[in-house]
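Open your viewer and get ready to select a few residues and strands with me. Each stop tells you what to pick and what is there.

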Amino acid sequence: MSGEKKISPTPPEPDADSTFFWDALKEKKLLIQRCGDCGRSRFPPMPRCPYCASAQYSVIEAGGGGTVYTWVVVHRAFDPAFTDEVPFTLATVDLDEGARIVGRLEGASPQFGMRVQATFFNHPSWTELRFAPQGSK
Ligand SMILES: [Zn+2]
């Protein structure tokens with residue numbers, strides 16, 4: 001039947017630590033934190049380094065390139081807005097800058113170590129980080 005309304009996915013609820021990340025995605029930028037003491041990059045955003053507990057950090061722009069660490073194939077959507085899109089792949093990606101991050105992988109079957117590039121998918125009120133095989137977009 002025509003006239004069905006597409007459901008929008010539930011938007012994220014950024015907190016004081018993660019607002020910079022979500023705001024940057026809207027501008028097609030991937031920002032992550034880098035520790036001011038040990039130099040390691042991290043995700044998700046958090047007030048202290050998970051490796052050395054330092055509260056010193058800077059925010060850097062990641063190039064969006066990385067390798068697939070692992071993945072799951074979603075067969076049952078947690079959000080009704082994605083019901084028509086299953087099955088899809090959620091990949092855990094090791095960014096070239098060192099942080100490990102999660103996003104939907106589109107455009108290919110996942111492989112361990114596959115090179116991927118960040119893409120940015122716009123929903124009505126927020127932007128979702130996704131990945132595609134490098135060289136495909
Ligand atoms: Zn540190």
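Two residues are in contact here if their C-beta atoms, placed from the backbone, lie within 7 Å. Keep in mind that you are looking at a predicted model.

**Stop one: Phe131.** Which residues does Phe131 touch, leaving aside its neighbours within four places in sequence? Select Ala91, Val93, Gly103, Leu105, Val116, Gln117, Ala118 and Thr119: Phe131 is in contact with each of them.

**Stop two: the core.** Now widen the selection to the largest nonpolar core, which has 15 residues. Phe131, together with Ala91 and Val93, touches the most other members. To see where the core comes from, colour β1, β4 (65-74), β5 (88-95), β6 (100-105) and β7 (115-122), each of which supplies at least two residues. The top contributor is β5, with 3 residues. As background, nonpolar side chains tend to be buried together in soluble globular proteins.

Next, select β1 (residues 30-35) and β2, which run antiparallel and are joined by 2 bridges. Within this pair, look for Arg34, which stands opposite Ser41 in β2.

**Last stop: Glu13.** Go to the segment before α1 (19-26), where Glu13 is found. Is Glu13 buried or exposed? It counts as exposed, because it has 7 C-beta neighbours inside 10 Å, and the cut-off for exposed is 12 or fewer. Finish by drawing a C-alpha to C-alpha distance from Glu13 to Pro45: they are 13 Å apart in space and 32 residues apart in sequence.

Definitions and conventions
Residues numbered from 1 in each chain as written. Predicted model: local features only at pLDDT ≥ 70, side-chain atom pairs only at ≥ 80, totals over all residues. Pairing = 2+ DSSP bridges. Helix = DSSP H or I, 4+ residues; strand = E, 2+ residues; numbered from the N terminus. Core = buried A, V, L, I, M, F, W, Y, C linked by C-beta atoms within 7 Å. Buried ≥ 20, exposed ≤ 12 C-beta atoms within 10 Å, placed from the backbone.
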